[in-house]
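Welcome! Take a look at the sequence and the model below, and then we can walk through its overall build, its charged pairs and a couple of individual residues.

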Amino acid sequence: MKRILLYLKAVMDFRWFRWVGSWLLSVGFAAHLFAQTTAHLVSGTVSDPQGFAVPGARVRLLGANRVLLHEVTTDETGRFALGGLGSGRYELRIEASGFSTFQRVLDVPQDTAGALAIQLQLTPVELEVTVTGRHGAPEEVLIEPATVRIRDLRQLAVREPAHLPRMFSEEAGILPQETTPGQGSPILRGQGAQTVLYLIDGLRYNNSIYRSGNTQYLGWVPASSAEAVEVFLGPASAQYGSDALGGAINVMTVPLPPWTRRGVRGSAEAETQFASADLTGGASLRLGVAGPRWSALQIGSFRRHQGLRAGGGKDSHNVLRRFFALSPVQVRQILGHRMVDTDYAQSSWSSKFGVQLDTQQYLTFAWIQSEQFGIRRYDRLLGGEGRLLHNFGPQRLGFGYVRYQRLDAGALRSLEATFAINRQTDGQTTQARLTSARENEISRVTAFGYRLSTAWAPIARHAITAGGEFYDEFVDGRAFSRAPGGVPEPIRPRFPNGTRYQSLGLYLSDDWEALPQRLFFEVGTRFSYFRYRSFAAKNVFLDGRPTVPDATETFTDLTFNAGLSYRLRPGLVLFGRTARGFRAPTVFDLGEQGITGGGFEVSPGEAVRLGAEVGDSASREARSTGQSWRPLAPEVLWSFEGGLRWRWERVSGDVTLFDSEFFDAIQRRVLIVPVNVVGQTVGGEPILAQDREGRIFVAADSRPVVSRANIGRVRIWGVESTLRLNWTRQWSSSLRHSAHRGRELDTGNFARRMAPDFFFASLRWVDARGRFWLETFTEVSGPQTRLNPAELDDPRIGARRTATQITDFFHNGAQRLGLIRDGLLIVTGETLAQVLDRVLGPAHEPTPLFTRTEGYATLNFRGGLRLGESSELSFALLNLTDANYRRHGSGVDAPGINFALSYRLRLLR
């Protein structure tokens with residue numbers, strides 16, 4: 001708590017923080033000037049599948065970004081009424097114990113002409129209202145000209161109760177990648193990490209140091225703080241800006257308790273979880289309190305995971321199998337049946353406070369604090385490379401916002417202003433072997449965000465959304481190295497200390513109902529501006545030499561999306577969309593200037609000034625591609641998709657075809673200078689030498705000078721489909737399928753991070769009263785044989801091994817494990833030379849452990865039991881055949897046979 005208070009005090013010390021307060025107040029004052037509210041009424045009845053009234057059903061009305069506006073319960077005849085509504089779009093949500101959630105978009109005043117007749121279902125239904133495609137405004141998924149997957153946490157928690165990234169494992173078009181337990185990086189249509197944008201309540205969660213490889217940051221968001229997750233597949237840059245090439249994942253937090261008409265009302269809910277595969281134990285507690293014009297919510301959670309047991313107790317990519325080709329039985333005898341270094345813990349708390357200024361104005365304060373403990377990168381340790389140490393810590397998130405919302409603001413349907421703080425601290429400690437130096441690095445990014453958005457309908461059947469956002473990021477980087485027996489000495493951090501990264505976006509979109517209830521058009525555009533700055537004075541070695549130059553880079557981009565949907569008949573919609581996504585160069589791309597792990601790196605502007613050509617790699621042997629260097633530009637993805645959706649009483653689903661091309665990937669390459677430049681300077685350093693190929697060298701590093709360049713082109717295409725069948729009122733099935741393909745067009749290689757073919761099928765039964773349900777399901781993944789050369793090298797996939805790597809592990813890691821005695825591998829009695837011959841062959845050629853990711857099929861059961869109005873039990877028996885398998889790209893095998901149990905108790909209502 002003391003650390004939080006000090007941080008808030010530091011924020012208050014910024015002079016522009018006072019401007020934020022005045023800005024929010026001025027927005028509220030302007031809304032008052034426009035306010036001319038006309039009250040409308042929404043009423044209706046709620047019944048069960050047999051037509052009987054459902055009393056006590058919870059009826060909620062939500063506005064933009066799912067702010068809770070009204071909540072009532074149905075009377076003994078199933079009736080409800082919601083009054084005092086202004087013009088605009090709202091989400092109507094109805095929940096009753098034993099029934100599936102009902103959702104609908106209400107367009108007021110059009111939908112207030114008569115009473116609504118709503119029938120709840122026993123069998124699960126897909127959520128039908130998205131807020132991700134419209135900057136928080138509710139929209140029907142059926143007519144959305146894009147692919148959106150929406151799942152509330154109750155649906156996701158029966159898959160995986162605690163770990164948010166792993167909850168996507170049953171979705172078509174999404175590959176949940178895990179380098180190590182506790183971390184996750186969902187891959188959307190072949191795009192991941194930097195090219196997928198994460199959002200919390202519609203606000204940017206990504207920052208400028210996210211790397212190009214798979215990341216861990218979505219795993220920091222506590223599942224206990226989420227109510228639902230929306231995944232937008234395909235470019236969303238016109239809506240949300242940079243990084244959203246593959247799509248966007250919007251985590252929507254738990255809403256505030258409803259206001260009371262009189263007095264104060266409290267609520268409480270507790271949940272406990274257990275899973276046998278990694279002996280998970282966890283609990284969360286949710287407390288709510290509300291008065292007539294205010295409400296508050298507090299959530300706390302903690303969970304502990306022990307060592308993971310994979311299928312059959314095996315570890316397919318273990319270092320002993322990779323370098324020594326030991327059998328799974330031999331590995332298990334040495335290391336046990338659980339994966340060493342896969343245990344971790346996570347704690348979190350979140351707070352929310354809301355004030356109803358009047359019937360149309362709302363102010364919300366929110367904060368999430370989360371931290372992981374004991375996380376280690378398994379594929380760098382016994383999971384593949386055999387290094388001594390690779391610990392992540394601290395792994396800490398602090399995210400919060402203040403949001404003002406005005407509904408029906410006169411000529412405007414809505415007005416919203418938000419100030420956000422996003423602070424992420426990412427640290428790690430690494431050491432290859434006992435004789436190596438131990439390096440410790442901490443990167444902290446503090447981002448301040450400002451967003452203003454509005455919606456209005458100036459012309460009949462047009463809905464305009466417009467706004468702007470500004471994010472200001474400050475990067476703190478520290479790194480130290482300590483040789484064995486020595487003292488810590490500062491070294492250059494990966495991301496320069498004091499770096500500042502700013503981004504500005506202005507967007508405009510129009511939804512046009514060209515033919516009433518039949519033809520819908522969507523078009524949007526965004527202008528973006530970015531500025532990067534690094535400072536030499538903030539990055540100095542002990543000898544006084546700066547490791548980073550003073551540098552400033554700016555970028556701009558203009559992007560768009562356009563789509564249409566056509567209702568062929570009630571419940572059947574044809575849709576199509578084209579969009580351009582982009583990712584601007586970030587601190588990750590630009591911050592590695594000066595002395596870096598890849599050599600002496602300079603800005604792309606320096607390469608242009610020298611007239612350099614782009615090398616074909618970043619290695620010492622790089623040769624010219626013949627392509628002249630040009631100023632760095634954003635990465636770009638063009639996407640085209642189309643398909644059909646259907647929503648009928650017993651059958652619903654969709655099929656989508658997409659084709660996208662990824663241009664101008666940013667990569668590190670060697671400068672090849674065709675003319676003699678010895679004696680000139682580059683990056684502030686004199687050029688001392690130049691070889692015959694044109695590679696240039698400076699005194700700071702023996703390797704050729706490198707920079708970043710836009711190079712490469714990838715095409716990705718595929719098909720995705722879902723189908724839900726309600727056989728009867730109690731029996732239902734779900735089917736999901738996806739098949740993706742990709743190629744690097746300039747090299748002919750297969751594209752990286754491509755998901756294998758995927759199929760999911762389930763059969764579900766619910767008892768007639770909705771108190772008990774059972775489901776059996778299977779996940780089937782085809783083999784992935786279309787591997788990129790870089791994936792064959794990756795210890796998580798192909799796990800290529802060389803004679804040098806085997807020799808190093810024989811003399812270090814294996815010695816540490818007590819596997820070597822008198823120069824012999826005890827398990828087999830072999831010398832190092834004999835091990836090399838057996839694993840690599842007489843020529844000792846580098847060889848991958850695997851040339852494909854094997855397919856798999858699992859058999860699973862799960863169910864739930866409502867013990868009363870206040871308690872619920874969920875259980876699952878997963879991977880009943882104890883199959884050993886690994887999701888493509890992950891660094892750990894999937895859990896083996898696993899019994900999971902979750903119990904939820906509502907203490908107060």
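## What counts as buried

A residue is called buried when its relative accessible area is under 20%, exposed when that value is over 50%, and partly exposed in between. With that cut-off in hand, R93 and E91 are both buried. Please keep in mind that this is a predicted model.

These two residues also pair up: a salt bridge joins the side chains of R93 and E91, at 3.1 Å from N to O.

## The chain as a whole

Let's step back to the overall build. The secondary structure comprises twelve helices and 52 strands. The radius of gyration is 28 Å, close to the 29 Å that the globule rule gives for 909 residues, so the chain is as compact as a globular protein of that length. Along the principal axes, the C-alpha atoms fill a box of roughly 85 × 60 × 55 Å.

Of the 909 residues in the chain, 58% are buried. If we take contacts between residues at least 6 apart in sequence, 69% of them join residues at least 24 apart. The chain exposes about 34,900 Å², and carbon and sulfur atoms supply 57% of that area.

## Charges and salt bridges

Now for the electrostatics. The chain carries 105 positive and 89 negative side chains, and the centres of the two sets lie 3 Å apart. Side chains of opposite charge can pair when their charged atoms come close. How many salt bridges does a search of the whole structure find? The search returns 54.

One of them joins E720 and R149, whose closest N and O atoms are 3.9 Å apart. This pair links distant parts of the chain, with E720 in strand 42 (residues 713–726) and R149 in strand 10 (residues 147–152), 571 residues apart. Is E720 buried or exposed? E720 is buried, because its relative accessible area is 0%. R149 has a relative accessible area of 6%, so R149 is buried too. Another salt bridge brings together the side chains of D589 and R583, at 2.9 Å from N to O, and both of these residues are buried.

E71 itself sits in strand 3 (residues 68–73). With a relative accessible area of 24%, E71 is partly exposed. For a sense of scale, the C-alpha atoms of E71 and I299 are separated by 21 Å, and the two residues are 228 apart along the chain.

## P235 in its loop

Our last stop is P235, in the loop between strand 15 (226–233) and helix 4 (237–240). Its relative accessibility is 1%, so P235 counts as buried.

What is P235 in contact with, leaving aside neighbours within four places in sequence? The list is A244, L245, R577, A579, R580, G581, L637 and S639.

Methods:
Residues are numbered from 1 along each chain as its sequence is written. This is a predicted model: local features need pLDDT of at least 70, side-chain atom pairs count only at pLDDT 80 or more; totals for chains, interfaces and linings use all residues. Side-chain values use heavy atoms; hydrogens and water are left out. A salt bridge is a side-chain nitrogen of Lys or Arg within 4 Å of a carboxyl oxygen of Asp or Glu. Buried means under 20% relative accessible area, exposed over 50%, partly exposed in between (1.4 Å probe, protein chains only). Helices (H or I, at least four residues) and strands (E, at least two) are DSSP runs, numbered from the N terminus. The radius of gyration is taken over C-alpha atoms; the globule rule is 2.2 Å times the number of residues to the power 0.38. Contact means heavy atoms within 4.5 Å. Accessible areas come from the Shrake-Rupley method with a 1.4 Å probe; for residues, only the protein chains shown count as cover. Lys and Arg count as positive and Asp and Glu as negative; His and the chain ends are not counted. The place of a charge is taken as NZ of Lys, CZ of Arg, CG of Asp or CD of Glu.
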